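Visitor: I'd like to go through this one with you. Can we put it on screen first?

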Amino acid sequence: MTKKLIIVSFISLILLPLGLSLGYSFLYSIGSAGLLSSGLTLEYWVELFRGEFLRSILYSFWVAMASATVALVLALSFLFNLRRHFEKPGTYRLLFLPLTIPPIVVGFVIYQMYAGSGIISRVLYHTGLISGTQGFPALVQDPYGIGIILAHIFIVFPFFLLVLLNVYKNENLDEIERVALSMGAFRKTIIWKLHLPILMRGIFPLLILYIIFFMGAYEIPLLLGQSSPQMISVLILEKLQRFNLGDIPVAYSMAVWYALICIGTISYLLMKYRRKEAL
Amino acid sequence: MSKKLTLGFLWLSFIIPFGLLIYLSFSTQWYYPSLTSHPFTLSHWESFFSGSSGLFKSAALSVFISLTVSFLATTSGFFISRGIAYHTKSRWWLVSAYFPYVIAPVVLAVMLNYYFLQIGFSGTLIGVMAAQLLITLPYAVIFFYGYWNQNIRNLENLVATMGGDFMQKVKHASLPSAKGLLVICFFQCYLISWFEYGLTQFIGIGKVETLTIMVYRFVTESNPYLAALAGTLLIVPPIVLLFVNRKFIFQKGWSL
């Protein structure tokens, strides 16, 4: 009895809402539900692969890849060069600070720092390097998503570094390095052939997850993104809330595809990395 | 030397956001290109404490939502994860708990909205809490899944052998050894709820004015001073939790 109750609770509280929402969105996206339902059609799905939606997908992918890659490279650089400093409790604890700021506040802070009228621009003005806001490069609401990428890096770089420091310690990489050095290996070889493969294996699932999270980011692109192209989540919401009712089924198609990609990726990662501690 | 400089730069880049929020919350008429030559004021904080800016009500509402959601998610997640760990064999049960958690909350809200409208939850406090539970509950299930190992089973079996029923097994075997984890899960769920914006905005249609909603509202109203104040209020609980126990903020790996 208890067993059945638990399983029913799990299904009704976790799986059913998701299944129902996916089902409704799927039906809406193929023209079988909603106010403008006109019968079964794939035209809204085809719409995903052209124009605004395709640009949004590519833009989101660029921002997510750039954020994750830069954060990872930075975290690896800090790990290889400054690892000993993070053994001190004070410095180690410092890495937790950015994790205490909500994304919407990170977006706000990045805007106040990097906007044309932000702090950095003001400092440059007072040092005489620029003569006004027009002399400052567009770092927020810019075409390349630099502001969004900066905000993502601020959030995820310390997290990656914390994970890498843990992997480094758990895999006993100091000891491996000592043995390799005593066997005559060069430091470069140790980094490329020993450390990096082990560290990457540890962080790879998280890296993929964060790329997915960043692709679906909402608050930060809402504050720091430009009006076109937009990140997927921002575009989906805009299409749902604006006046053109014809865009609603396309927005639902995007939501369904995005959700399916998330579900597919997490399933693959969890089945493949079932014994890895990083996930 | 260069290593110390790099560390100094890192320290600075982590501290500046906190300083900026506090600085702006005491500023007014901060027009370009002023850095420090603008007026400073206590009026934003006074408006917070007097309740005239609506931020005090927002903060109280946010605390209420986060406490309720995290309490419900932690207690339900604890028992549901027990059931999943003990009574299911397929790994897919656990994998499926990740599904709502990995989808962007705002996209989940978009897909759920139809049903929330149908049952009258849209734009209500209970709707926002129910929506947040859809993310925090799977998180709690995933969090506790790894806890139900053979040792805990042996303890429960011991209680059962001595005539204990389900409640006694929980009271004497499971709960005492899970106290620490329950607290960590509670605060992590609290933070998920506390940080949430997109889902709260979409399901609450702006009527449920949590602090994150207020930050965005003040930004769109070109009032960076009150936005900074709301931001400062948002970072207070996580900072306190960080100093109490950093496990509340960061967990080494997901429970699998």
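Visitor: How are α7(B) and α8(B) oriented to each other, roughly parallel or roughly antiparallel?
Guide: In this predicted model, where local features need pLDDT of at least 70, side-chain atom pairs count only at pLDDT 80 or more, and totals for chains, interfaces and linings use all residues, α7(B) and α8(B) are roughly antiparallel. Angles under 35 degrees count as roughly parallel, over 145 as roughly antiparallel, 65 to 115 as roughly perpendicular and the rest as oblique. Residues are numbered from 1 along each chain as its sequence is written, while chains are lettered from A and ligands numbered from 1 in the order in which they are written.

Visitor: At what angle do they cross?
Guide: Helix α7 (residues 150–161) of chain B and helix α8 (residues 166–195) of chain B cross at roughly 150°, and their axes come within 9 Å. Axes are lines fitted to C-alpha atoms, for helices over the stretch in contact, with angles from 0 to 180 degrees between N-to-C directions. Helices (H or I, at least four residues) and strands (E, at least two) are DSSP runs, numbered from the N terminus.

Visitor: Which residues of α7(B) meet α8(B)?
Guide: Ile152(B), Leu155(B), Glu156(B), Val159(B) and Ala160(B) do, and among their partners in α8(B) are His172(B) and Ala173(B). Contact here is C-beta atoms, placed from the backbone, within 7 Å.

Visitor: And by class?
Guide: Five nonpolar, four polar and two charged residues. Ala, Val, Leu, Ile, Met, Phe, Trp, Tyr, Cys and Pro count as nonpolar, Asp, Glu, Lys and Arg as charged, and the others, Gly among them, as polar.

Visitor: Switching to chain A. How many helices and strands?
Guide: Chain A has twelve helices and zero strands. Its C-alpha trace spans about 70 × 70 × 35 Å along the principal axes.

Visitor: How do α1(A) and α12(A) pack?
Guide: α1(A) and helix α12 (residues 248–272) of chain A have axes 8 Å apart, at an angle of about 135°. That makes α1(A) oblique to α12(A). Leu22(A) and Phe26(A) are among the α1(A) residues in this contact, and Tyr252(A) and Val256(A) among those of α12(A). The contact has eight nonpolar, three polar and no charged residues.

Visitor: How many residues does each chain put into the contact between the chains?
Guide: Chain A gives 67 residues and chain B gives 61 residues. On the chain A side, the largest share, 16 residues, comes from helix α1 (residues 2–29). That side divides into 45 nonpolar, 16 polar and six charged residues.

Terms used. Contact = placed C-beta atoms within 7 Å.
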